[in-house]
Amino acid sequence: MDFDPSPEQRAIAETTRRFVEKEMPRHKVLQWARDKVEPPQELFMKLGALGYYGFLLPEAYSGLEKPDPMGMLAFVEQFARASSAITTAWGRAAVILAPLVARFGTQAQKDLVLPRVMRGEVFMALGLTEPGSGSDAASLRTTAVRRDDGHWVINGEKLYCSQVKSAGFLILAARTDPQAVKQEGITTFLIPDPGSDPAIKLTRIETMGLGPVPTFAAHFDELVLPPDAVIGQVNKGWQCVLGGLDNERLYHGAIGVGASQAIIDEVSAYLKQRVQFGKPLSKLQSVRHKIVDMQLRVEAARLLVYRGGSVLEKTGACHNEASFAKVAGAECYMHCATTGLHLLGGYGYTVDSGMPMHFQDAKLFEIGGGAMEVQRDIIARGLGL
Ligand SMILES: Cc1cc2nc3c(=O)[nH]c(=O)nc-3n(C[C@H](O)[C@H](O)[C@H](O)COP(=O)(O)OP(=O)(O)OC[C@H]3O[C@@H](n4cnc5c(N)ncnc54)[C@H](O)[C@@H]3O)c2cc1C
């Protein structure tokens, strides 16, 4: 077992660290979070210029000989130091949805979507969750009915459709066979420019964190899609969705690791110079132990994240490993955000310390992409329970 990052992963991490320092200083990130605005697209286009949208895409689009999940995780860990939220704006396209198009899409769909994603020109959105189906996502009820001319008519409602207003593409999961067992009657569709389609009514949902990544309720009223909007096979859309969810869970774990490490580094630096009772707070045993416990969680989560990456690299898929990574990373992030804020005292409670942003953002990772209980159920099934 080799626990050391490769020279390539080190280079990615170093480049990303410099990128984040230059392009995403604390005051800018806090401003985006406070104003609840998406960062400018140029930020993401600079990531595109570095090739950082291509980690999981085929050579024809990425230029990589083979997909590079470990490089992707090295990038995420560093990028999430600046903002876990903004990492999701990148990841929804780079990790979840563009690889789905690459795997299941037609040549025309790939040529439409992947070059634009590679350039960091577009966000992508996923329409899976509904008012009546969240953790039990396959029970979705939005319908797609095929007309005689082969076109599809979509009706229904999606919840928490993040960035759908500004997205270049929406991938929508809809029920195409109401008689089939629930996972078997679902089809995925590709919808360009969803934010400007009059048949899709969007209502912003105010959230406690994730300010730079707005989320919406999307109401579909007789939206007509051409026959070639189908991704993969009709009624086989659940297979497409599942691969995307596994990727999401793995990189959410890496987000948790990177953001937690940033918290620990900041808290440690502060406590080393914050003198109370005649010595730095970092010299108090109960304080030191809290920091050590945070670092222990990070180390353990990091191993699970890279183990997931290694399985993905070797086999092209990871399922249980992704859930392990997600639980460890997300719970570590929530723990570090809570403890880190506490250890900074009154300063931790100020917006400028960055801790309230972490505190608010961290909770999302214990819910979104499958709550912790859902991940534990997946792991339990893997254990044969
Ligand atoms: C900010 C944000 C952004 C999001 N972005 C998107 C997006 O872009 N696209 C998209 O499709 N979805 C998105 N989601 C939806 C997200 O994936 C769901 O919220 C998540 O899967 C949980 O579903 P739910 O909210 O319906 O919770 P529910 O399914 O109602 O579950 C509520 C709680 O019940 C418990 N629970 C659920 N199932 C079990 C179980 N089997 N065993 C034990 N306990 C259980 C858990 O504690 C869970 O938190 C987003 C959500 C948020 C908050």
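**View 1. Helix α8 gives the largest share of the lining of the largest pocket, seven residues.** This is a predicted model, in which local features need pLDDT of at least 70, side-chain atom pairs count only at pLDDT 80 or more, and totals for chains, interfaces and linings use all residues. Residues are numbered from 1 along each chain as its sequence is written, and side-chain values use heavy atoms, without hydrogens or water. Helices are DSSP runs (H or I, at least four residues), numbered from the N terminus.

**View 2. The largest pocket has a volume of about 1,200 Å³.** Its lining holds 43 residues; Thr129, Ile367, Gly368, Gly369 and Gly370 are the closest to the centre. Two or more lining residues come from each of α6 (84–104), α8 (237–273), α12 (355–365) and α13 (372–382). A pocket is an open set of points on a 1 Å grid over the protein atoms alone, where a 1.4 Å probe fits, with protein on both sides within 12 Å along at least five of seven lines; lining residues have an atom within 4 Å of a point. The volume is the space filled by probe spheres set on the points, which are joined across faces, edges and corners.

**View 3. The second largest pocket holds about 990 Å³ of space.** Of its 33 lining residues, Asp4, Pro5, Gln9, Met70 and Tyr306 are the closest to the centre. Helices α1 (7–23), α5 (69–82) and α9 (285–315) each supply at least two lining residues. The largest share, nine residues, is from α9.
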